[in-house]
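Q: I'm new to reading protein models. Could you take me through this one, feature by feature?

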Amino acid sequence: MRRTPVAAAVAAALCAAALSCAAQTDETRFRDPPPPTPGLSARVTSVPAEKLTGTYRPGCPVVPERLRLIRMNHWGFDGTVHRGELVVHEDAVGPLLHVFERALEARFPIRRMRVMAAYDGDDARAMADDNTSAFNCRRVTGDPRWVSRHAWGDAVDINPVENPYVDVRGTVHPPNGRTHLTRADDGAGQIHPGDAVLRAFREVGWYWGGRWANRDYQHFSATGH
């Protein structure tokens, strides 16, 4: 049976539409799913001496042999994965691997994660650079009467600019974090009650300085100090 011109045209249009839909379906299927979240890929080692420059001295409350260097992945503010480093107490390794794995899964952005030796132990410089860090044998910034919990290696500061600290005198640390004292629910890199980072720290039994009378939004510790 011969097709009429009209029937042939209709058939051709239907065929073209079907092929177009099939092509769109295939394209959508392969284009839309987001790439899988990369793993933490953590590596834990003893701490080389150069990674403690300016951050350790005789008389510190923890000896270098009880410190560990963690190298691990984290999301950056640029939407890509970066490799970071933290020096922590050996007892803090497990809890912090759990926390930063949850942060990675949630794609929580971290500006940078360098050992404090990169700043020669200068906490003000590290905070102004928005550096996430842990061990640093020092006094409490803004209240030098006390030894900081960072001197034990079981405290961590996360995104100090987005999560500033207000000391007992009302001074904001770092100064370039002042605008972040207003806590926006969608502030990138900020830590809020109930978010993935805070939930992860609660799961490991660590405490948040954001609940203190003198707000320390960046600070988490195993002891609450």
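Predicted model: local features only at pLDDT ≥ 70, side-chain atom pairs only at ≥ 80, totals over all residues.

A: Let's begin with the inside. In soluble globular proteins, nonpolar side chains tend to be buried together. Here the largest nonpolar core has 28 residues, and Phe-100, Val-156, Ile-158, Phe-201 and Phe-220 touch the most other members.

Q: Which elements give two or more residues to this core?

A: Those are E2, E3, helix H2 (93-105) and helix H4 (196-203). H2 gives the most, with 6 residues. There is also a second, separate core of 12 residues, with Leu-69, Val-87, Val-115 and Phe-135 included.

Q: Say I click on Phe-100. What does Phe-100 touch?

A: Skip the residues up to four places away in sequence, and you find Leu-40, Met-72, Leu-86, Ile-110, Met-113, Thr-132, Val-156 and Ile-158. Two of those names, Val-156 and Ile-158, were in the core list above.

Q: Can we zoom out? How many helices and strands are there?

A: The protein comes to 4 helices and 10 strands. Reading from the N terminus, the elements run α-β-β-β-α-α-β-β-β-β-β-α-β-β. Of the 225 residues, 43% are buried. Another thing to look at is contacts across the sequence: among those with a separation of 6 or more, 56% are between residues 24 or more positions apart.

Q: How do I read a pair of strands?

A: One general idea first: in a regular strand the side chains alternate between the two faces of the sheet. Now the case here: strand E2 (residues 67-75) and strand E3 (residues 81-89) pair in the antiparallel sense over 9 bridges.

Q: Which residues does the disulfide join?

A: The general idea is that a disulfide is a covalent bond between the sulfur atoms of two cysteines. The structure holds 1 disulfide, joining Cys-60 to Cys-137 with an S to S distance of 2.1 Å. The torsion about the S-S bond is about -115°, so the disulfide is left-handed. Cys-60 sits in the loop between strand E1 (43-45) and E2, while Cys-137 is in the loop between H3 and E4, so the pair ties together parts that are 77 residues apart in sequence.

Q: Are those two cysteines buried or exposed?

A: Buried means under 20% relative accessible area. Cys-60 has 10%, so Cys-60 counts as buried. Cys-137 also has 10%, so Cys-137 is buried as well.

Q: What about Arg-138, buried or exposed?

A: Try the cut-off again: the relative accessible area of Arg-138 is 16%, so this residue is buried. Arg-138 lies in the loop between helix H3 (123-128) and strand E4 (139-140). The Arg-138 side chain makes a polar contact with the side chain of Thr-141, at 3.2 Å. Leaving aside neighbours within four places in sequence, Arg-138 is in contact with Asp-123, Val-147, Ser-148, His-150, Ala-151 and Asp-157.

Methods
Residues numbered from 1 in each chain as written. Heavy atoms only, no water. Pairing = 2+ DSSP bridges. Buried < 20%, exposed > 50% of the residue type's maximum accessible area, 1.4 Å probe, protein only. Contact = heavy atoms within 4.5 Å. Polar contact = N/O pair within 3.5 Å; in protein donor to acceptor, adjacent residues only side chain to side chain. Disulfide = S-S within 2.5 Å. Core = buried A, V, L, I, M, F, W, Y, C linked by side-chain atoms within 4.5 Å.
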